[in-house]
Amino acid sequence: MAARGRPVRALVRPESAHLVAGEGIEVAEGDLADPRSLRDAVTGVDAVIHSACTFTSPEVDVAAMRALLDGWHQGAFVFVSSVDAYGRPPVVEVTEDTPSAEPLTAYGRAKLDCERMLWEAAGTGGRGGATAVRAPLVWGPHPGCATS
């Protein structure tokens, strides 16, 4: 977006700020465990893309989502969730319309809880629409992964 002349605000931990600093990028320092920094980072933005996760502290991840939703007042919200939110579906082919079963891990439960909070907030109080991306885990190199 910054390359297209649109302002970008990136929330990063202080030790990572140098990784995203650049022309057109406003760096907002914060942490998933600091709700105020999260609310402040999304206040006044046109859209939110939330892809951060502790992976090991589901309670922090859920509280972080709550803080981001509290600060989100306009535009769209994209949340990078996980296929772990599906749990173990009772079908062989899983599509985006497949309902979630009970997640098998606390991580998956937290992702599903965050999705549900997002759906409840979307379209209310001036907020726009929302999307949850249930990204699979991809590891490489692997014979099944194309490389070029």
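A pocket, as the word is used here, is an open set of grid points with protein on both sides within 12 Å along at least five of seven lines, and its lining residues are those that have an atom within 4 Å of a point. The structure is a predicted model, and every value below is computed from it.

## The largest pocket

In the largest pocket there is about 970 Å³ of space, and 27 residues line this pocket, with Arg9, Ala10, Leu11, Val48 and Ile49 lying nearest its centre. Two or more lining residues are given by each of strand E1 (8-12), helix H2 (35-42) and strand E3. Strand E1 supplies the largest share of that lining, namely five residues. By residue class, the lining of the largest pocket divides into 16 nonpolar, five polar and six charged residues.

## Aromatic pairs

A pair of aromatic rings is described by the distance of the centres and the angle of the planes. The count of aromatic pairs in this model comes to two, and both are set out in the table.

| Pair | Centre to centre | Angle between planes | Arrangement |
|---|---|---|---|
| Phenylalanine 55 and tyrosine 107 | 5.6 Å | 20° | stacked |
| Tryptophan 72 and phenylalanine 77 | 5.1 Å | 65° | edge-to-face |

The planes of phenylalanine 55 and tyrosine 107 stand at 20°, so this pair is stacked, given that planes under 30 degrees apart count as such. The pair links distant parts of the chain, since phenylalanine 55 belongs to the loop between strand E3 (47-50) and helix H3 (58-71), whereas tyrosine 107 belongs to helix H4 (residues 106-121), the two residues being 52 residues apart.

Phenylalanine 55, placed in the loop between E3 and H3, has a phi near 70°, which is a positive value in a residue other than glycine.

A further contact that involves an aromatic ring is found at tyrosine 86, where the charged end of arginine 134 sits over the ring, 4.3 Å from the ring centre.

Technical notes: Residues numbered from 1 in each chain as written. Predicted model: local features only at pLDDT ≥ 70, side-chain atom pairs only at ≥ 80, totals over all residues. Heavy atoms only, no water. Phe/Tyr/Trp six-rings, centres within 6.5 Å; stacked < 30°, edge-to-face > 60°. Helix = DSSP H or I, 4+ residues; strand = E, 2+ residues; numbered from the N terminus. Lys NZ or Arg CZ within 6 Å of the ring centre and 35° of its normal. 1 Å grid on protein atoms, 1.4 Å probe; cavity = no way out; pocket = protein on both sides within 12 Å on 5 of 7 lines; lining within 4 Å. Points joined across faces, edges and corners; volume = space filled by probe spheres on them. Nonpolar A, V, L, I, M, F, W, Y, C, P; charged D, E, K, R; others polar.
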